[in-house]
Amino acid sequence: MLDSYTLLKAMNGIHDEHISLAMVFLGYDEAGRRRRRRLVWRTVLIAAAVAGLLGAAAYAISGIIHSTGTYPMDNTGEYRSLGELPGIEKTVGYDITPPESFANGYVFEKISVKGEAAFDENNDVLVGFYGVNIEYAKAGAQNIVLSLAPVLELPTAGEHPEPTETRKLDGVEVRYFRDHYKIVPEDYEKTEADLMAEAAGHFYITYGPGTAEEHDYEFAAFVLNGVEYVLMDANGDGEEALFQMASEVIAAQH
Amino acid sequence: MEDAAIVELYWQRSDTAISETDKKYGRYCHTIAYNICADHEDAEECVNDTWFKAWNLMPDKRPAALPGFLGAITRNLAINVFRSRHRKKRGGGETALALDELSECIVGSMDVAREYEQKEFESAIGDFVASLNETEQKVFVSRYYFLSSIEEIADRLHCTQGKVKSILFRVRGKLRIYLQEEGLC
């Protein structure tokens, strides 16, 4: 008799070529190991010490972070109301006090809780943690994303990128980055121009499916109470707008 | 070690067959099991049971694609574990969500007079997936074979979760029609 369990098991009939296609898509290599995306600057920012946020496991971990990526965790999901925050805070283990809107017109749209992990050079998990993305919408603009993650007590491989500009806002150091991202297929080989642009800084290549595409992003990053906040803007609103929004996030904590 | 060499070790009943399999596919099978069970201990048990089953199946079987062969065993074991753990109460996680989603594809299953063998369903699903376009294949197989979250698929596809849900909804609709046309539900 056909029920959803039978149907789920029947997925074993999917042909090997289609399983392989999905494996590549999901980032498994031929031996079934997970390939992780290249370490990008946002990961590098996860550096200082807040082991307490992650519970006892955080004290036992050691190693060097080479990459981060999604990781299966319980109780992840997407929410449409800030009224869900108490439950979300209980899940993720840190306080979240986002503004409902920003003075420049972006308004809260949704909040998502994601399972993430830091991986060492062998793709072994160093520590799993919860990341939170809060999206703000404005007519005619791409959503602004406020991303939160606990600061991990682990060293990271690679060099820490220099911010485009740094300011102190209400005693908090806010780093502003204006970066260019090139998203390329898994089999893409870097050109000479790519290598030169990477060396010059604020240029990153990340791997994903499909054809190559390029985007400019602006970020404002800061650490508050052991949590790293990153505002991400793809609209080219400019550094003054990003610093202003960061100051509103900081003000919301008080 | 090459897959063919690992399979040969099973056929020779060599003790190293399992350790070599574990070395090469342990993490892969653990991920599959964990995505279903959402529990590392259960996942580890499923992986160990997978090696035991593989040991008993080879010989006589000589799988053409070892990861698919092992993955299928792990999936069945993990689904059984999930089912036994959630017999009384449906829990959370991607498996419960995927089961709910897949229930949309089944029409009047309780009244189906003929009971099909699992192999018939598997064959039908294999043909159905082959009929999809590449993006649909990636999304469908990621979701219902690997039990990947909508979030992860959206991340990989560089699109919104809404778009992934929309693709899955559309494909589940196709599957429902396909199963009806094939007389399987």
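Analyst: Let's start with Trp51(B), which is buried because 21 other C-beta atoms lie within 10 Å (buried means 20 or more other C-beta atoms within 10 Å of a residue's own, exposed means 12 or fewer, partly exposed is in between, and C-beta atoms are placed from the backbone). This is a predicted model, where local features need pLDDT of at least 70 and side-chain atom pairs count only at pLDDT 80 or more, while totals for chains, interfaces and linings use all residues. Residues are numbered from 1 along each chain as its sequence is written, and chains are lettered from A and ligands numbered from 1 in the order in which they are written.

Trp51(B) sits in helix 3 of chain B, residues 40–57 (helices are DSSP runs of H or I, at least four residues, numbered from the N terminus). Leaving aside residues up to four places away in sequence, Trp51(B) touches Ile18(B), Thr21(B) and Asp22(B); contact means C-beta atoms, placed from the backbone, within 7 Å. Ile18(B) is 33 residues from Trp51(B) along the chain, yet their C-alpha atoms are separated by 6.1 Å.

Now for helix 2 of chain B, residues 16–37. Helix 2 of chain B bends by about 65° at Tyr25(B), the bend being the angle between axes fitted to the seven residues ending there and the seven starting there. Just after this helix, Ala38(B) has a positive phi of about 55°.

Helix 2 of chain B also packs with helix 4 of chain B: their axes come within 9 Å and cross at roughly 30°. (Axes are lines fitted to C-alpha atoms, for helices over the stretch in contact, and angles run from 0 to 180 degrees between N-to-C directions.) That crossing angle makes helix 2 of chain B roughly parallel to helix 4 of chain B; angles under 35 degrees count as roughly parallel, over 145 as roughly antiparallel, 65 to 115 as roughly perpendicular and the rest as oblique. Among the residues making this contact are Tyr25(B) and Ile32(B) from helix 2 of chain B, and Leu70(B) and Phe82(B) from helix 4 of chain B. The contact's residues divide into 13 nonpolar, two polar and one charged (Ala, Val, Leu, Ile, Met, Phe, Trp, Tyr, Cys and Pro are nonpolar, Asp, Glu, Lys and Arg charged, and the others, Gly among them, polar).

Finally, what about the neighbouring chain? 53 residues of chain B are in contact with 38 residues of chain A. Helix 2 and helix 4 of chain B are among the helices that each supply at least two residues to that side of chain B.

Methods. Contact = placed C-beta atoms within 7 Å.
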